[in-house]
Each structure stands twice: as C-alpha cells, then as structure tokens.
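Colleague: Could you take me through this structure? I would like to begin with how the chains meet.

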Amino acid sequence: MSQNNSRRDFLLSGLVASGVVTGCATKSNVFEQSFDEQVKPSGKMVKLLSVDGEVIEVDEAYLKPIPEMPTITNEEERIGIPGRKFVMVIDLSRCKSLKKCQAACDYAHHLHPDINWLKIYPMQDAEQTAPYWQPTNCMHCDEPPCVKVCPVDATFKRQDGIVLIDSERCVGCRFCMAACPYSSRIFNWEAPGVSGKIASVPYSCEKSIPQLKGTVGKCDFCPDRARENKLPHCAEACPNGVFFFGDLLEDSVTNGTETYRFSELIKDKSGYRLMEDLGTKPSVYYLPPVNRNFPFENKDAVVA
Amino acid sequence: MKPLLKPKAMKMKHIYKNLIIILGFLPIALMAQKTEKENLVVGVRYFNNNNKTHHLVFKTKSKVNGKFKNIPDIQLAVYITSDATKANLIGTITTNDVGDAVLLIPPAAKTEWVKSPNQTFVAVSTATKQFDESRGELAITKAKLQIDTVEGKIVNAKLVALIDTVWTAIADVEMQLGVKRLDGVLSVNETPTFTTDSAGGTTAEFKRDSLPGDSKGNLVLVASVLDNEVYGNLTAELSVPWGSKFSHISNFDHRTLFARRGHSPIWLELLAYSIVVAVWGIIIFLILQIRKIKQLGAV
Amino acid sequence: MENLAKQKIIEDLLPQKFGKQGTIWVIGLLVLCSIGFYAYCRQLYYGLAVTGMRDYASWGIYISNFVFFVAISLVGSLITAVLRLSDVHWSTPLTRIAEIIAVSAITFASLIIIVDMGRPERFYNLFLYGRLQSPIIWDVIVISTYFIISLLLLYFPLLPDLKIMIGFKERNGKWLQKLYVFLGSFWKNTPAQFKITDKAINILAITIIPVAFSIHTVTSWLFATTYRPGWDSTNFGAYFISGAFLVGSGGVLIAMYVFRTHYKLEKYITDMHFDRMGKVVVLLALLYLYFNVNEFLVPAFKMKKSEEHHLLGLFTGEYAPIFWFAISTAMIIPILILIFKKGRKPKAAFVAGILVVVGSWFKRYLIVTPTLLHPFLPMYDVPASYKHYFPTWEEWAIAIGSLAGALLVITFFARIFPIVPIHETIIETESNENETHL
C-alpha cells in the first residue's frame with residue numbers, strides 16, 4: 001500500500017467519523033463511517049501511522065479514492081455516477097486563447113495530431129459587436145440530438161448528465177456528427193498513432209483511450225477524473241481559471257482555486273447556454289465576455 | 001481535401017521518425033557518459049488529513065527550455081529525517097505519467113515521528129539515463145487544525161502547533177472555511193479566506209442557506225490550511241445538518257428519444273412495431289402463397 | 001395465326017447471349033467494379049482517411065450516392081404499382097425493367113452505406129444493439145422490407161415466363177435450365193395458380209407504394225432530423241420523393257432505349273412508350289422543380305444567418321456552377337426537350353433521360369455536402385484540408401464501381417430473364433386483337 005505507485009492523487013479528507021471534533025486521541029476505530037453515503041467498507045484494512053503517532057487500521061474503501069480504482073464495467077460506465085449531475089461554466093471574460101486546455105486535453109486523451117476535442121473559436125456576433133474567444137467542448141446536452149440518432153447505443157446519455165461514446169460499439173456512421181449543432185464531434189479518420197503503452201491499454205469509455213480508428217470521439221467531461229474528485233484536464237490546465245466544473249445537484253462549481261455556488265454565479269454574471277433555441281439543453285454554461293481580462297488578439301486574423 | 005497522410009508518405013514519415021529518434025538519441029547517449037545530465041526537481045508536500053492520517057505528495061519535474069515539464073516514471077525513495085539511510089526509509093514509489101506520486105505515512109515512520117515536533121521528509125530519486133540522483137526535502141512542524149460549531153450556524157476553527165511539548169495556538173495563518181463539494185471547497189460565506197487571531201482561532205458565519213447536502217441534509221464543513229511553509233497542508237472536517245435534503249428525480253429511466261435502447265417512447269414503439277408487423281405479415285402471407293402455387297403445381 | 005404471333009413474341013423476347021457489344025459492355029463494367037473493389041480494399045486497410053471526407057464534410061459522395069440509389073429504386077413502385085393500379089396498360093413492357101432497376105439499386109444502396117461506415121465489420125451491431133429511436137434503424141427496416149417486396153414483385157410475374165423458358169432446354173444450357181427449373185418448375189399455367197398470382201401482384205402493388213414512400217421519406221429524415229441549414233426542412237420527404245420519381249423515370253427512359261436498340265425490341269418498346277414515358281418525365285420534372293422552388297425560395301426570402309452562407313454558396317458562391325448545372329440538366333433542359341412531340345422520340349428521350357440521371361446525381365451531392373461545410377460555429381482550429389471537400393480517387397472509384405455494379409446486375413438479369421415480360425405481352429396482344437376484332 002505504502003509503496004503505491006498509482007497515478008491517482010489521494011484525497012483522504014473523507015476519512016473521519018462525524019463527531020470527531022479535534023485531534024484529541026480517539027482510539028476507537030473512527031474510520032468505520034464516512035460522510036459519503038455511497039462508500040461501503042471493503043473489509044480490506046490498511047495499516048497506517050496516525051498524526052498522533054499511533055498505528056491505525058483504515059478500511060481501504062475510505063481512502064478516497066481507493067488507491068487502485070476498481071475496474072468499472074461497461075454497464076456501469078453506461079449508467080454513470082449516481083447522485084451527480086455534472087455541469088461546466090466557462091467564463092468568457094477570462095479567456096485569452098492560450099490553448100493550455102486544448103494541449104492538456106489532447107495530451108491526456110492521446111488524440112490524433114489533427115484532432116482537437118476542445119476548440120477555442122474567435123467569435124464576433126455582428127460587425128459592430130466585440131470579438132471574444134469562446135472555448136467550446138461537448139455541451140453534454142440534456143436532450144442530446146446526437147444520442148437521439150445513434151443507431152447502436154454507441155453514444156449515450158448517462159444519469160450523471162454525461163454524454164459518452166463507446167468506441168468499441170460505434171459503427172462509424174457519423175450520423176451523430178451531422179446531428180450535433182456544436183460541431184463538437186470528431187472522427188478518427190486514421191488511427192490516433194499512440195505509442196505501444198497507451199495502445200495496449202484496455203479501452204474504457206470513461207477514459208476514452210485509446211481512440212479507435214473509424215469511430216467517433218469527443219469531449220467526455222473526464223468522468224474517470226470525476227470519480228477521483230479531480231477536475232477535467234482542461235479546467236486543471238487553464239492558468240486563467242476559465243473553466244469551472246462541478247455538480248449541479250451540489251449547486252457548486254470550481255476551477256481549482258475559486259469555488260462558487262453555481263446558482264449564484266449564473267444569476268450574478270448572467271450566464272447563458274449556446275443555441276438555447278434548439279432545445280438541446282446543454283450542461284455547459286457561459287459567462288458573457290464583459291470586463292475582459294485580456295484584449296482580443298487573433299494571430300490568425302481571419303474569422304470564418 | 002487530400003487524405004491526412006498518403007500511405008506512402010506515411011511510411012516515409014515513419015522512416016524519418018525512426019531516423020530522427022536514432023539520430024536524436026545518439027548524442028544524448030554519448031553525452032550521458034561525459035557531460036552533465038539534466039536537472040531533476042523533486043517537490044515534496046505534506047498533508048494532514050483531519051488529524052488522523054497524513055500523507056506526502058511528490059512531483060518530479062525538470063526545466064526544459066525555460067519551462068517546467070513534468071517528468072514521469074521516476075523512482076523515489078522516501079525517508080523520514082534528513083538522514084537518508086535505510087533505517088529511516090519509509091517507502092519507495094514511482095511517479096505517474098504527469099510526474100505525481102503519493103505516499104501515506106506508514107507505521108515504519110513511527111519511531112522517528114514520535115521523537116520530535118519538527119520533522120523532515122526527504123525524497124531521493126534514483127538516477128536514470130537522463131537524470132542524476134536528485135533530492136527533495138521538506139521540513140514541517142506538527143500542527144493540528146480543529147473545527148467546531150456554535151449555535152446560530154457559526155463555524156470556529158483553531159490552529160495549534162506542537163512547540164517543544166506544548167500544543168500552542170498559532171496566529172496569522174490563512175485558512176479556508178467552507179463546505180466540501182466535488183473537486184473543491186465552497187466558502188461558508190462571501191469571504192474567500194480567513195486568518196487566525198492571537199488565540200489561533202477564526203470564526204465565520206455560515207451563509208449558504210439551503211445548500212444541498214446529503215439525503216439527511218448533512219453538509220461537511222472543512223477548515224483547511226494550504227501549503228503553509230511551516231505546517232504544510234492541514235484539513236479538518238465536521239458534518240453538520242445545515243443543508244437542504246438531497247433530492248433528485250432522475251429522468252434516466254424515462255422513455256425518450258434520447259434514452260438508451262429499449263427505452264424508446266411508447267408511441268414510437270407502437271407505431272413502428274404495428275407497421276412492421278402489418279407489412280411483414282403481408283410478406284409472409286405472400287411467401288406462403290408461393291408455397292400454395294407449388295403445391296398446386298405438384299398435383 | 002394466333003399461335004404464330006405467340007411464337008414470334010416468345011422468340012423476340014427470350015433472353016439472348018451477349019454479342020460483341022454486350023461482351024465489351026460487361027467487361028467494361030467488370031473492370032470498373034474491380035477498380036472500385038481495389039479502392040475499397042485500400043479504404044479497409046488505411047481507414048476512411050483515404051477519402052476526402054473530414055470532420056466537417058463528414059458525409060461525401062458515398063452518402064449522396066446512397067441517396068441516389070434509393071431515389072432511383074423508387075421507380076419500381078411508380079411503374080409497376082402506381083400505373084398498374086390506375087389501370088394503365090401501356091406500361092406493361094416496362095414493368096420488369098423498372099423492377100430490376102429497383103432491386104439492383106436498393107442492393108447497392110445497402111452496400112454503399114456499408115462502404116461509408118468507419119467500422120463495417122461491426123455492421124451486425126445494428127441488429128444486436130439496434131435503437132428504435134434512430135432514423136438509421138428505420139432506414140434499415142424499411143430498406144430490407146422494400147428489397148423483399150421488390151423481389152416478390154419481380155418473381156410473381158416471372159413465373160409464367162419461367163415455364164416458357166424451361167421449354168427451351170437446349171437453348172438455355174445446363175446451368176440456366178437448372179436455375180429456371182429451380183425457380184419455376186412447379187408452374188403449370190393452371191387457372192388456380194393464375195388466380196393466386198394475380199391476387200398476390202395486386203396486394204404487392206398496393207403494399208409497395210407506402211413502403212416506397214417510406215424508404216425515401218426516411219432517407220430524407222436522415223438529413224431533416226438534424227438542425228443543419230439546408231436540411232432543417234419539413235418539406236424534405238415530399239421533396240425527396242418527387243426527385244426520386246424523376247430520376248427513376250429518367251433511368252427507365254435510358255434502359256428502354258438501350259434494351260430496345262440492343263435486343264431489337266422496337267415492336268414491344270415502341271415510340272408510343274417513349275412518348276408516354278416522356279410525358280411522365282415532364283410531369284415529374286415540373287413537380288420536382290416546384291419542390292425546389294419551395295425548398296430554396298422560402299429560406300432565401302428570410303435569409304436567416306445560419307442559412308445565408310449555405311444558400312449564397314449554392315446560388316452564387318463556390319457551389320453555384322454545380323447547382324445551376326444540376327437544376328438545368330435534371331429539370332429545365334429535359335422539360336424543354338420532352339415537352340415537344342419530337343423530343344419524345346426514342347433518341348431525344350434517351351438523351352433527356354441521361355440528362356435527368358446525371359443532373360440528379362449531382363443534385364444529391366449538393367444536398368449532402370455543402371450543408372455540412374456550413375456549420376453553426378466557424379470552421380476553426382482544424383487543418384486546412386478539413387475546410388473543403390473534394391472526393392479522392394478512391395471515392396470516385398468506389399462510387400463509379402457501385403454504379404457499374406448496379407448496371408452489371410441489370411445486364412446479367414437481362415441475360416438470364418426476359419426483360420420484357422413474355423406472358424403479359426402475349427395476353428396484352430391477344431386482348432388488343434380481340435378488341436380490334438370486335
């Protein structure tokens with residue numbers, strides 16, 4: 001256990017029993033309860049040294065997350081994380097198009113060099129209106145038009161609001177790409193060209209790696225990281241804190257340093273969603289590009 | 001307009017790639033023996049989790065062209081006290097693909113840990129082809145963060161540190177007081193951070209009314225000191241029944257056009273299946289007619 | 001006298017061996033098919049990256065070819081069912097031509113859809129994991145249904161002809177004879193059997209009309225169920241069906257001319273047939289023109305922001321040459337030719353038929369691709385090649401190969417079976433003679 005070389009960060013904060021107020025020595029086994037109602041003891045105990053210098057035993061399940069994440073079955077991946085409804089808020093006033101988000105996403109998902117799941121569009125709604133950068137990933141719509149048209153359940157809406165793709169099911173008909181008004185779906189025209197280590201990783205829809213030739217891909221909201229209480233790669237990588245991620249049912253979003261009550265943030269800053277008139281009900285909200293932190297500078301200059 | 005890579009071009013590219021890799025590694029391999037290797041930085045952070053367990057987080061990175069880059073797959077030997085001898089070894093770990101590694105403080109650290117209020121952790125990286133052995137060090141003072149509530153939804157937090165043998169209140173330390181949420185801590189009111197007074201305490205009013213909690217309406221309050229130079233990272237948690245009861249009606253199992261297979265709307269199923277049954281009924285009837293013709297011909 | 005006429009009809013209409021021309025034609029088609037097959041093997045190996053399609057233009061000429069095939073297959077229902085049910089008898093010699101066009105086109109429509117798939121080896125997923133909500137599943141259901149009904153509609157009227165052909169054992173050769181016996185040895189020309197087939201053909205004629213409407217309406221829904229400019233239309237089903245009848249009738253005009261001249265069927269496929277088919281094509285072209293005006297004028301009048309680039313691209317922009325070429329060759333010029341009595345003579349009608357079919361093929365291309373290249377959000381952050389679409393040689397080869405394949409199926413069918421129904425022609429002549437006698 002202590003020699004763990006897992007790639008996961010440990011967040012052990014959910015360890016303690018309710019009622020333990022201070023660090024006074026409470027020698028009874030305080031680890032039998034967890035605040036998280038979902039966690040059930042695994043029965044596998046781990047010996048650790050406490051802050052008070054005592055040797056204690058902790059149920060592995062309460063080390064959060066469990067050091068070795070259990071493999072999630074395809075069935076569980078299709079149902080999603082219970083009691084969650086993931087939501088993202090993108091603050092347009094902070095975006096400078098540094099593309100750190102894109103680079104982190106591309107790197108983490110081992111995408112083909114031509115492919116980006118996350119694009120930062122130079123937007124200008126009309127000639128006289130202000131230009132701004134608009135990072136756009138999958139909207140994880142609540143009434144997703146892409147899922148409606150999928151003939152084989154290869155893309156699906158989960159109970160936690162995430163729209164995922166099962167690349168091992170996808171037949172590559174690309175109907176979902178035509179159906180998505182946000183152009184957020186991409187196709188692996190070629191194999192992504194990943195190295196042996198990643199290529200041999202067993203495919204998982206939650207990790208979305210490795211991408212498979214002849215199938216559709218898109219932003220997955222990093223559910224594998226959400227299971228470990230981690231922000232999506234884009235949110236973690238952004239130096240300007242543009243991306244806020246959170247749980248609508250907890251009414252909270254965070255960019256890693258700032259945490260806001262979602263309902264207040266959206267109300268205060270007049271948040272909106274893209275193409276509301278289409279009735280897709282996106283899970284990604286935008287905060288308008290007012291009082292921008294950076295001037296708009298487009299090196300490419302040509303706005304399509 | 002054209003394919004991404006014409007197959008021939010693709011092959012050529014692979015050849016080039018291999019060539020570049022070979023040519024690229026030659027000088028490195030040669031240099032490795034003679035000149036200095038690149039400099040590896042090993043970062044160490046200490047985390048006290050609710051005054052129960054504690055762990056260390058490591059980061060291995062290196063400066064490439066003036067920018068830090070995370071270095072994966074570095075083996076680290078972790079020691080308690082700055083004396084990096086086998087007796088003080090508390091674990092060996094390897095950093096992951098973004099250069100991170102975590103070590104929970106194991107029972108092996110007990111003898112050293114109980115000795116002194118001030119502790120030092122050392123991580124020594126194993127030399128690789130690219131990097132020499134490198135060392136990261138962190139000194140901390142044992143501290144505890146305590147959290148409590150007062151009637152009227154007031155949150156109290158107190159920071160004490162072990163000075164000699166006495167738990168002493170620590171003033172002027174910045175901390176967060178908030179509610180635990182997915183990936184983050186939502187401050188209990190509009191103030192983002194709080195600072196301890198001369199008694200080591202800080203007080204905040206909880207103003208997040210009807211914030212969703214668990215099914216019983218419980219919220220987890222969190223007090224946390226982040227990356228303090230002397231005390232490291234400290235958190236204390238407390239469950240309070242201040243939230244609204246969690247209720248969520250999921251429409252996951254509803255029959256909709258965007259639901260999974262087997263969950264299509266009833267009107268669609270009725271329509272589709274009745275049409276299919278009607279038309280294929282006719283087709284089967286006609287195929288039976290062919291049989292009838294055959295029987296008539298056989299007579 | 002009557003027997004003589006009957007003998008003559010049978011002799012005229014029996015399938016004939018390929019002559020020199022026929023052999024060259026078949027070899028030519030086989031070569032095109034093999035090139036297409038080779039191109040497909042490359043596509044299987046290297047993936048869809050060998051095509052010109054990219055993330056924006058994610059559907060290309062495979063899908064427009066698919067729409068074309070589905071469209072042309074609709075003619076089977078028009079000639080055999082609609083005209084039959086309205087008691088029009090002049091079309092009798094054309095029914096089998098129309099039906100075999102329908103069967104071969106629908107076969108290649110299914111094949112080309114598999115060609116378009118990124119993972120053709122997972123085709124079975126459509127049956128294992130089919131989602132009833134998806135219009136693609138509707139298409140799979142309705143196309144397989146239409147295929148079976150078309151086959152039956154080909155088979156029932158063939159039974160009496162099979163009996164006639166079984167009589168020519170020496171002429172047929174071993175294999176064909178075996179085939180004929182297998183398919184129709186039980187046919188004894190008894191009134192009871194005729195009663196069943198007449199009833200079956202009537203049922204089929206009624207059933208095939210809604211099914212035919214469904215296949216092309218559902219195909220149009222593959223586009224109309226999305227939000228895209230140019231596709232987001234409530235008019236799409238009717239628009240597609242009218243276009244489908246037009247291209248199918250154009251195809252029949254071509255086939256009529258080719259079979260007539262090649263098999264010397266001037267007595268059976270007469271000037272009268274060209275005249276009447278020509279009129280049908282004019283009517284259908286006008287109808288399709290009407291739907292085109294409807295489909296383009298209304299959005300152009302409003303010029304919504306999302307539609308603007310798409311429409312201007314078609315009217316005056318980069319697609320304008322193809323757009324106006326398609327409109328004029330598929331509709332306007334054929335109307336101008338066929339509206340005159342002289343234009344409905346076989347040769348002129350044949351030319352008009354070719355124009356209709358070629359123009360319609362490009363029309364399908366314009367329905368599919370320009371829309372995809374006008375997404376709601378700008379095309380950005382992609383390699384330059386993603387912003388345009390031009391088919392690669394592999395795509396052309398596969399598309400042309402599939403067209404050649406469809407023609408090959410029709411050619412072999414005409415080699416094996418009488419392309420003009422013998423039995424029905426005899427009945428028609430007899431009843432005509434009876435009428436004149438009376």
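Colleague: How many residues of chain B are in contact with chain C?

Modeller: This is a predicted model. In it, 23 residues of chain B are in contact with 31 residues of chain C.

Colleague: Which element gives the largest share of the side of chain B that touches chain C?

Modeller: That is helix α3 of chain B, residues 266-298, which supplies 15 residues.

Colleague: And how do the residues on that side of chain B divide into nonpolar, polar and charged?

Modeller: The side of chain B that touches chain C has 15 nonpolar, 3 polar and 5 charged residues.

Colleague: Turning to chain C, how many helices and strands are there?

Modeller: Chain C has 18 helices and 0 strands. Its radius of gyration is 23 Å, close to the 22 Å from the globule rule for 438 residues, so chain C is as compact as a globular protein of that length. The C-alpha trace spans about 80 × 50 × 45 Å along its principal axes.

Colleague: What percentage of the residues in chain C are buried?

Modeller: Buried residues account for 51% of the 438. As for contacts in chain C between residues at least 6 apart in sequence, 82% join residues at least 24 apart.

Colleague: Back to chain B: which strand pairs with β4 over 5 bridges in the antiparallel sense?

Modeller: Strand β5(B), residues 89-94, pairs in that way with β4(B), residues 75-80. Ala77(B) stands opposite Thr92(B) of β5(B). Strand β7(B), residues 118-125, is also joined to β4(B) by 5 bridges, and the two run antiparallel.

Colleague: What is the bridge partner of Val78(B) in β7(B)?

Modeller: The partner is Ala123(B).

Notes: Residues numbered from 1 in each chain as written. Chains lettered and ligands numbered in written order. Predicted model: local features only at pLDDT ≥ 70, side-chain atom pairs only at ≥ 80, totals over all residues. Contact = placed C-beta atoms within 7 Å. Helix = DSSP H or I, 4+ residues; strand = E, 2+ residues; numbered from the N terminus. Nonpolar A, V, L, I, M, F, W, Y, C, P; charged D, E, K, R; others polar. Rg over C-alpha atoms; globule rule 2.2 N^0.38 Å. Buried ≥ 20, exposed ≤ 12 C-beta atoms within 10 Å, placed from the backbone. Pairing = 2+ DSSP bridges.
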